[in-house]
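Hi,

Here is the model I said I would pass on.

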Amino acid sequence: MSQLKRTPLFDLHLELGGKMVPFAGYEMPVQYPLGVKKEHEHTRSACGLFDVSHMGQILLQGPRPAEALETLVCADIVGLPEGMQRYALFTGQEGGILDDLMVANPGEGLYLVVNAACKEQDIALLEMGLDDEHRIEVLDRGLLALQGPKAADVMRRHCPQACEMVFMQHGRFEIDGVSVWVSRSGYTGEDGFEISVPASETEALARRLLAEEEVEAIGLGARDSLRLEAGLCLYGHDIETGTTPVEAGLIWAIGKPRRHGGERSAGFPGADVILHQVDAKDHRRKRVGLLGEGRAPVREGTELFDEEGQRIGSVTSGGFGPSIGKPVAMGYVDIAHAELGTTVYAEVRGKRLPMLVSKMPFVAPGYHRG
């Protein structure tokens with residue numbers, strides 16, 4: 001077994017009483033003494049600080065970086081304005097999703113944040129897929145996520161200019177003389193900021209933010225329940241190489257200029273398969289939200305059945321939603337059972353529990369849109 005990596009905050013996690021677990025090749029805190037449920041609730045009501053330094057941070061440089069990246073993703077990158085970021089998907093030749101990522105346009109080159117578990121393959125994909133005019137730089141930087149309805153109050157004391165941004169804007173600022181790259185975004189469904197900081201300065205900034213009354217350290221457990229309530233996909237679970245963007249309900253991530261009839265139609269791996277599904281609407285399954293009754297959580301891998309007892313799909317993420325007091329899940333069902341309001345049955349310990357196909361997100365988003 002290969003040696004687990006550590007983020008710049010490893011010692012701080014131990015000091016704070018973090019329970020460390022292996023995650024995507026790193027030793028990461030799954031929870032702190034506060035506990036997963038209270039960490040979740042604190043983020044929804046105040047402000048949580050997450051260490052996401054295990055994510056891959058990459059600069060793409062060259063004469064036409066947006067055009068170059070569009071050969072690998074289905075998003076509209078050429079149309080991404082300076083100072084904005086956009087969700088994108090690396091796709092494979094069969095139409096499956098190789099990873100999801102964020103792409104920011106800081107004005108010179110592109111700044112990419114990719115998933116930790118896919119980091120090495122994404123780097124290889126970029127190195128092989130880009131032409132000789134373009135190059136990538138893998139950055140040695142920490143990444144902090146400050147999330148919750150009071151995140152802006154906290155950020156205003158340290159970087160007031162960042163609070164002028166709205167959801168999905170990206171900017172470069174200074175905090176106490178340290179250069180930071182900030183986006184107004186996150187993975188919880190709440191308002192918040194993701195802050196890229198030089199690795200050597202990460203711990204100092206984290207301590208500064210944790211010293212604020214509103215802020216608590218939050219681990220992977222609450223990060224997962226928060227993103228599930230927000231209806232956000234986790235790569236390797238809700239989306240993967242056997243899933244197309246259309247099946248995953250991510251048609252909105254296929255830029256309109258990249259679709260048939262657009263000015264830069266296709267030109268990305270798997271475009272024939274994906275765009276056929278967009279146009280013909282003939283995909284056989286779909287990602288849906290599922291809302292349970294009672295208290296029993298329905299976990300990943302649970303099989304789903306219809307009223308006649310026929311297997312119609314499975315759960316890809318699931319647990320108890322602390323914010324709504326019910327079991328919540330997402331998964332894939334055949335198209336005939338994907339309509340909102342349909343009752344399906346999850347098999348849990350020999351019992352078939354009813355779940356309602358429901359709209360996502362399960363909680364109202366708190367994104368700051370101005």
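First, the ground rules. This is a predicted model, with local features needing pLDDT of at least 70, side-chain atom pairs counting only at pLDDT 80 or more, and totals for chains, interfaces and linings using all residues. Residues are numbered from 1 along each chain as its sequence is written, and side-chain values use heavy atoms, with hydrogens and water left out.

Domains: UniProt, in an unreviewed entry, lists "domain: GCVT N-terminal" for residues 9-255. It also gives "domain: Aminomethyltransferase C-terminal" for residues 285-363, again from an unreviewed entry. (UniProt positions are in the numbering used here, feature names are shortened, and annotations may be inferred rather than shown by experiment.) Residues 9-255 come out as 24% helix and 30% strand, with the end C-alpha atoms 37 Å apart. For residues 285-363 the figures are 0% helix and 57% strand, and the end C-alpha atoms are 24 Å apart. Helices (H or I, at least four residues) and strands (E, at least two) are DSSP runs, numbered from the N terminus.

Now the six-stranded sheet. It is open, with mixed pairing and the order E10-E11-E12-E9-E3-E13; two strands pair if DSSP finds at least two bridges between them. Strand E10 (170-175) and strand E13 (215-217) are at the edges with a single partner strand each, so one side of each has no neighbour in the sheet. From one strand to the next, the twist averages 30°. (For angles, axes are lines fitted to C-alpha atoms, for helices over the stretch in contact, and values run from 0 to 180 degrees between N-to-C directions.) E3 (residues 47-51) and E13 run parallel and are joined by three bridges, and Cys 47 has Val 215 in E13 as its bridge partner. H2 packs on this sheet, touching E3, E9 (141-147) and E13, and its direction makes about 120° with that of E3. Contact here means heavy atoms within 4.5 Å. Helix H6 (residues 202-210) lies across E3, E9, E10, E11 (178-183), E12 (192-198) and E13, running at about 15° to E9.

The other sheet is open too, with five strands in the order E5-E6-E7-E4-E8 and antiparallel pairing. Its edge strands, E5 (85-91) and E8 (135-138), each pair on one side only. E4 (residues 56-61) and E8 run antiparallel, joined by four bridges, with Glu 137 of E8 as the bridge partner of Leu 59. Helix H4 (residues 119-129) lies across E4, E5, E6 (97-104), E7 (110-114) and E8, at about 160° to E8.

Back to H2, this time with a helix partner. The axes of H2 (residues 36-45) and H7 (residues 220-229) come within 8 Å and cross at roughly 55°. That makes H2 oblique to H7, since angles under 35 degrees count as roughly parallel, over 145 as roughly antiparallel, 65 to 115 as roughly perpendicular and the rest as oblique. H2 contributes Val 36, Glu 39, His 40, Thr 43 and Arg 44 to the contact, and H7 contributes Gly 221, Ala 222, Ser 225, Leu 226 and Glu 229.

Lastly, Gln 310 sits in the loop between strand E15 (303-305) and strand E16 (311-321). Leaving aside neighbours within four places in sequence, Gln 310 is in contact with Leu 304 and Phe 305.

Cheers
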